[in-house]
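Dear colleague,

I am passing on the structure we spoke about, and I would be glad if you could look through it alongside the notes that follow.

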Amino acid sequence: MTKVPVQFVLNGEEKAEFVESGATLLRALREKIGDTSVKAGCQQGTCGSCAVVVDGELRLSCLTLAERCGGCSIETTGGLAHGEVLHPLQRAFNEGFATQCGFCTPGMIMAAKALLDRNPQPSREDVVEAISGNICRCTGYEPIIQAILAAARANSLSAA
Amino acid sequence: MGLALKTYPTLTAAGEALAAQATARYIGGGTLVVRDANEGDLRFDTYVSASDPELSAIAVTDGQATIGAGVTMAGIVREPALGFLAPAAKAVGGPAIRNMATVGGNLFAPTPYGDFTVALVALDASLDIEGAAVPVTDFLTGRETIYARALVRAVSFRLPAEGSFRFAKVSRIRPKGLSIVTIAAVVEERSGAITSARIAYGCMADRPIRAPAVERALIGKARTKDGIAAALAVATEGTSPPTDAIASAWYRSEVLPVHLGRLLLSP
Amino acid sequence: MELRKTYFADERKDDLKEIGQPRLRSDALGHVTGTTTFFADRNLPGLLHLKMVRSPHHHARIRSIDLSEAEKHPGVVRILTAADVPHNVYTILILIQVGPEDETVLATDKVRWKGEAVVAILADSERAAQEAAAKVKVDYEVLPAVLSIEEALAPGAPIVNEYHGQNYYRYDSGECRKVRYGDVEAGFAGADHILEQTYGSGPIEHAPTETTGCIVVPEGSGRFTCYTNTQAMFFTLDNASIILQMDGAKLHMVGGTVGGGFGGKVDVTVEPIAILGAKLTGRPVSFIYSREEEMQISSPRAAEKLVIKDGVMKDGRIVARYVKAYIDAGAYSRHSPYGAQKSAAHFPGPYTVPNVWVDSYCVYTNRTPSSAMRGFGVTIGDFALEVQMDKLARLVGMDPLEFRFVNAYRDGDMKAHRQPTEGAALIECMQEASRAARWPVAEKYLAMSSARREG
């Protein structure tokens, strides 16, 4: 099995690893780098549990080859908090009961972050569209939608 | 054996590598082929990709659009000159999938996927396969045989007249869900009568198809409830819809005329 | 959130300090930071991957299994067959004396559902395990399959599960669980109307986002640590102990964090074989269902068929209720004998009916074994009952909500199981629902109480 070097920035930190050529970004993050905030839910591109932000774009790490991410900047939920200070989305999910089993949460937060980075004041419809590739089997989505809208409001207050 | 990725600077070089190795598969956005690998498809052990920037180019000039096969659905949505196609590109997956899935890949997406290709069929698109111009319907007919390992460089089509393109994807879950039926239409009218019509269906066969009986029945008619009645009466002609977890063949046949009627009559 | 304290105000002390107060979930901080540790969130050197070779047939006899090619495949460390499993035939509920043992951990002479585990491959990588699995040659003699409750109970039907000898579970009460109360025939004879309807449901998959799985680590102490997402830790521990004929003290089960369960993770399907693999190889073993396995192999909610016959008076009183319930267990018992029993215990629903007859059957078919899912044995019955209630209301020309007030059980009413009703609150729930849904009912229903009957 050929191992190839891959170098990228993960949550602001330089990472360099040898991965199997053809290995997914999901595997590289979880098994090589140890960022297990990225979850393997379906590995078919259906559930969104593995969603990460690559160079500002939401992507599914289960269908992305690690080798193709050389030189990219990757963000995951595991790197979102600054020490004990939570990102507004994390705070809103926590306080708004937007998690239940927690398995979809990191991917859901990444999908929401990709939205808010582009569109800081989204409509409810925008939010529903932004998380339409993420499956949550517990909450029924409503608390998640409300949490994302709350995070957007909190952002606008802190910006004002 | 593990999987390997081999990247070539040009599509031609990638094509040669693909031809030389039966266990290689081309990877575009990865949403089909990596999924297969993850599901344990043992028929291939090598991904072949091309880094040719031409593959992600979009050109719209003189009423003709040419879209590189590597352009993503998100890339289509972002292109102002292709605004009419945005609903078809948005019909594919969620935001993450749209940032990855390509126009070329969508051509190969098996039913119930491949919503964007339904639009290409209605647009009567032509594919650039190794320099040859192949009508999209010919490609689809030979998709699992003569074109199974074809490398598509680009798709091109004449821009439809303003307001003549219509698209609808019907699914059980909003805003995202697998298709029950997808319909794309290019319907041109003059003086209150339909002068030309191209109608394409997704999920009404094992691949996107045209609906020639509907097209014939629309010519010369007004785009009104009465005018399209004859076309709706033959809506299912030539179809052989699948039964899957989303809908039965019976259900698809029952709802097709309803959705076709709504699409044709929408303002 | 509002806590309505007007109901049952005289029945409790009003000193609630926590109820009605919002409290943050204790686990949410881990979830939102991605630091909650799910079973698969660990990397272990030397980890082996277990891949199951499964039956492609609904029902077949196994003539032979040829492992010669698979064993030679690069990366394969060990292949497990039925002969490796110390106690290969088990049933989960044997722990509470619900037998017989009727399911093979790995198939021996027969497979009884499409997807049944036959051979387990342990290899260095998932890919190697998959490749070797494709090289296992199983010679099957395909047998006629029974794929519905009706086919299973038809005379002369092929026997699905020889450990039972017939296509239904035999309880100590006979071929079904029974409830007998009053005289239903007399009830029907005196009724103004009779309505008999049949209801059916298909299997339902829980589809948790995290698939079923475990990682087992052999410890130097001779113990095995099993990181699992089971919802039933002690069922798993005890059944693994029985299947592996291993002292429970040697099995250290670590769980508690489940990425969605909904009842779908109460069976014992991955842990025993993964522990066995770790024991026989001395290496850590990971056995995680693919999404396809989760959808097709993990047990769903049972399909059910329900026949409900009611006798009702013009004034809305239900005077007799007769129910025949059939629960499709699939090929093996798992939790379904209990589910069918729950079904019997649930009828006639939260209504007071003087004459009740219930027969509830646990039926075997060549389908994926069904098991627990949120109120199994009850939920589908409730669907059928409440549709039936609407139909009955229409039949006697009553408002469907008022019809339910007429029949609602209240404290002191004798239930069909000969337990007097205590702590009923259906009347109050419906009163509140009437207001919340703006579905008005007559004043006399708003004056009712679960605590006592009027007059």
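A crossing of two helices is called right-handed if the near helix is turned clockwise from the far one by less than a right angle, and left-handed if it is turned anticlockwise. With that in mind, and bearing in mind that this is a predicted model, helix 2 of chain A passes helix 3 of chain A in a right-handed crossing. The axes of these two helices come within 10 Å and cross at roughly 130 degrees; since angles over 145 degrees count as roughly antiparallel and those from 65 to 115 as roughly perpendicular, helix 2 and helix 3 of chain A are therefore oblique to each other. On the helix 2 side the contact is made by Leu89(A), Gln90(A) and Phe93(A), and on the helix 3 side by Thr105(A), Ile109(A), Ala112(A) and Lys113(A), which by class gives four nonpolar, two polar and one charged residues.

Turning to the chains, 32 residues of chain A are in contact with 23 residues of chain C. Helix 2 (88-95) and helix 3 (105-118) are the elements of chain A that give two or more residues to this side, and helix 2 gives the most, with four residues. The side of chain A that touches chain C has 14 nonpolar, 15 polar and three charged residues.

Within chain C, the domain assignment gives domain 1 (48-142 + 207-296) and domain 2 (177-204 + 300-419), whose C-alpha centres lie 37 Å apart. Their contact takes 16 residues from domain 1 and 17 residues from domain 2, and the domain 1 side divides into six nonpolar, six polar and four charged residues.

With best regards

How values were computed:
Residues are numbered from 1 along each chain as its sequence is written. Chains are lettered from A and ligands numbered from 1 in the order in which they are written. This is a predicted model: local features need pLDDT of at least 70, side-chain atom pairs count only at pLDDT 80 or more; totals for chains, interfaces and linings use all residues. Two residues are in contact if their C-beta atoms, placed from the backbone, lie within 7 Å. Ala, Val, Leu, Ile, Met, Phe, Trp, Tyr, Cys and Pro count as nonpolar, Asp, Glu, Lys and Arg as charged, and the others, Gly among them, as polar. Domain bounds come from an automatic or database domain assignment. Axes are lines fitted to C-alpha atoms, for helices over the stretch in contact, and angles run from 0 to 180 degrees between N-to-C directions. Angles under 35 degrees count as roughly parallel, over 145 as roughly antiparallel, 65 to 115 as roughly perpendicular and the rest as oblique.
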